[in-house]
Amino acid sequence: MNKITTFKGAGNGFSAFAKQFGIYLVLLALLIFFSIASENFLNSHNLLNVARQVSMLGIVAVGFAFVLLLGGIDLSVGSVVTLVNIVCAWLMVNAGWHPVFAVVVALALSAAIGFMNGWIIANIQMPPIIVTLAMLIIIEGVAYLICDGLPIYGFPESFAVIGQGYVGPIPIPVIIMAIVMALGGFILSKTFFGRYFYAVGGNEEAAKLSGIDVNRVKYLVYTLSGFFAGVAGIVILSRTNSGQVLSGKGFEFDVLTACVLGGVSVSGGFGKISNVLAGVLILGVLSNGLVLLDVSQFVQMVIKGVVLLVAVALDSLQHRKAS
Amino acid sequence: MFLQLKNITKRYPGVVALDDVSLDIIEGEVHALVGENGAGKSTLIKTCTGAISPDEGTIVIQGQEFSALTPKLSESVGVGVIYQEFNLVDELSVAENIFLGRAPRKGLVIDRKKMESEAAKIFQQFDIKIDPAELVGNLTVGYQQLVEIAKAISQKAKMLIMDEPSAPLTQTEAKALHLVVEKLRDSGVTIVYISHRMDEIFKLSDRITVLRDGQKVKTIKTAETNLDELVKLMVGRELKETYPQRNHQVSDEVLLTVENVSGTIVDDVSLQIKKGEVLGLAGLIGSGRTELAEILFGYKPKTSGRITLEGKEIESKTPKQAIAKGIALVPEDRKKLGALLEFDIKENISVSVLERISKFFTVNRTTEVDIAEGYRKAIRIKAPNLEEKIKNLSGGNQQKVIIAKWLATEPTLVIFDEPTRGIDVGAKSEIYELVNSLVESGKSVLMISSEMEEVMGMSDRIVVLHEGRVTGELARKDFSQEAIMGFASHN
């Protein structure tokens, strides 16, 4: 053993702090910037609006963060959002089901799709990016087949509560996001499954040799990813009041950006839900603020792409430094 | 004088890795660097290669003075390193690897002929028998290392630092390496040789420097010292017997029976392990020892045969199932297969019993800490606290954490695969004592080891494998290196 001394670099303490909470400093900086740049930004109405806008993203991001922790990726989340959206709408309108049954079946379907991803990835040992990309295309196709590409509308009024209702001043989607995030944080930090996610993501073989059923962990994680995407699909359906084939288009990239911004490593093994929330909020504040500043949609696309690139670059740099 | 380190100090947050170390390396000598894990050897090497900059002190190389080196600078003054992990590209040929990035050219294309003949020249010079056109991936570890050495020579290295070069080698390979080292010295190359193997240090080195806790203890001429003194200098205390005595009888009851088991490499193996017995599994690298262990542990499939535990046939398809039946495996490759490097000590110890100490999926933190703390004390894991990441521990302490993980599962059979590889003498004897206390409490141990002395010193009985088959079995009274080697090479 080497001698323990009292030497502690001040710079080291700060960088440790920045690594833990740096993402919240970025969020704070953005909030301050937009508050100054736009007079319409800093008020409770707009901020709650931002929270509601990002809630779907936040819900999906929890499952997606799990997948990234395992060192995988789930490109199918956007299409699961779409499919659940269409299936639930179709069951209520075309089949005349009660909303509760329609929601339950649609959610079960999303979980089943996630399980299928996990099963293929674990047992056939295919790269997750290929499996979930193929799944994305298949699911999107199925969604088009069901509705012929046309919107489905005319739901029972009660259904609108999920996406449009409030508890006090708080929109219900925000509450759902809070519950999902809390659940995600609990799973990660308190349960043995959470510990397994980190173990498998950090070193799959060592995890297996420690007696972890790696396949079971993969089934669970991809199932949760599918399920949470399904939850988001229901919320979106209720908010927009019509089933749309484009409802989840491109969602996977926003979710990926949010997670990586939130410090979840794309190579697996590192990440915390509390920081994923920050990543989600940053994306939300950014798009809200840019709209308020009247920045064109196309410029927003460019900015989002740059943000994703920078976030992944920072992640890679940090890993290089660590090794 | 080729290289002089003057008063080098290097601090990391919380530790002084090198504390005012001064060292002279004389041109043309073989200078051995010894010390327990964590003594500061790696930091010292990194200082010489420019991988790190010291906080204080100067480095003098052939009269030129530096306050710190960079990797480029160190290469240009003729310092070469052979790391434990090779920097070779498996898919390229030997010659291509040697001249990677500086291949001789003819116009725009690589002059393959010239490259291969240059490589052959180097091999000839040191009596190494490798075909320069062979793919590196097809070579054994021993030959790959020789390719690394040839690469350093081709870069005109005047001083070669070798970091535990013999650790992954078989005895024959190690002998070949020793010959090359001697040839290198005779041709005027200065060598810094780091090793835990005392026999080769005495065989090869001219002088020995002992490091302990980041400080230089002493530099001595090899001819003027002996093993006892050296060990005393390294650990700072006298060690008891290398292989501690056991005072118990092996039971007559059989714990595990392996009947006609085959799988990868393993070919129709039958053996028995009794309760309270240490069964040694000897054989050359590639003889199927590790593969047999992996089959018993459910990590690799068996294609045929029966395994019976306490009279009942068992079928373990995953390690999880094997663990549930009371089998544990301390794997050979600690960093890749044993430790979860990003986990801290307590998380590594608890990982295999997490579900047992959970209620409603929630891990009971108090129990977790209690278990980890218990083992930390019981087997003397040296660390500031249980929240220390295992990657920051020395090899010996990492191994103890991994053993603690398995003890927590309360196994009846513990398989150790090269349990003391790359581990310093102090921790080694503690691990031997642990093995003893296991069998004294009635558990059984299957011990795989390439170190003859270790396998003979620790086992009650030895089974020898050759190309996947059992070629011999020795009772303790018949142990001898010759007998084991005879079976292992199947002469």
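The model is predicted.

Chain A comprises 13 helices and four strands. Its radius of gyration is 20 Å, close to the 20 Å given by the globule rule for 323 residues, so chain A is as compact as a globular protein of that length. The C-alpha trace of chain A spans about 75 × 55 × 35 Å along its principal axes. Buried residues make up 49% of the 323 residues of chain A. Of the contacts in chain A between residues at least 6 apart in sequence, 81% link residues at least 24 apart.

Within chain A, helix 2 (residues 44–69) packs against helix 12 (residues 273–292) at an angle of about 140 degrees, and the two axes are 9 Å apart. The crossing of these two helices of chain A is right-handed. Helix 2 of chain A contributes A:Val50, A:Gln53, A:Val54, A:Leu57, A:Gly58, A:Ala61, A:Val62 and A:Ala65 to the contact. The residues contributed by helix 12 of chain A include A:Ile273, A:Val276, A:Leu277, A:Val280, A:Gly284 and A:Asn288. By class, the residues of this contact are 13 nonpolar and four polar, with no charged residue.

In chain B, six strands form an open sheet of mixed pairing, in the order 6-9-10-3-11-12. Strand 6 (79–82) and strand 12 (215–221) of chain B are the edge strands, each pairing on one side only. From one strand to the next, the twist averages 20 degrees. Strand 12 of chain B runs antiparallel to strand 11 (residues 207–212) of chain B, and six bridges join the two. In this pairing, B:Val210 stands opposite B:Lys218 of strand 12 of chain B.

Two helices of chain B lie across strands of this chain. Helix 6 (residues 171–186) of chain B lies across strand 3 (30–34), strand 9 (159–163) and strand 10 (190–194) of chain B, and runs at about 150 degrees to strand 10 of chain B. Helix 8 (residues 227–235) of chain B lies across strands 3, 11 and 12 of chain B, at about 30 degrees to strand 11 of chain B.

Between the chains, 26 residues of chain A are in contact with 36 residues of chain B. On the side of chain B that touches chain A, at least two residues each come from strand 2 (15–25), helix 10 (319–324), helix 11 (334–338) and strand 20 (362–363) of chain B. The residues of that side of chain B divide into 19 nonpolar, eight polar and nine charged.

Note on methods
Residues are numbered from 1 along each chain as its sequence is written. Chains are lettered from A and ligands numbered from 1 in the order in which they are written. This is a predicted model: local features need pLDDT of at least 70, side-chain atom pairs count only at pLDDT 80 or more; totals for chains, interfaces and linings use all residues. Axes are lines fitted to C-alpha atoms, for helices over the stretch in contact, and angles run from 0 to 180 degrees between N-to-C directions. A crossing is left-handed if the near helix is turned anticlockwise from the far one by less than a right angle, and right-handed if clockwise. Two residues are in contact if their C-beta atoms, placed from the backbone, lie within 7 Å. Ala, Val, Leu, Ile, Met, Phe, Trp, Tyr, Cys and Pro count as nonpolar, Asp, Glu, Lys and Arg as charged, and the others, Gly among them, as polar. Two strands pair if DSSP finds at least two bridges between them. The radius of gyration is taken over C-alpha atoms; the globule rule is 2.2 Å times the number of residues to the power 0.38. A residue is buried if 20 or more other C-beta atoms lie within 10 Å of its own, exposed if 12 or fewer, and partly exposed in between; C-beta atoms are placed from the backbone.
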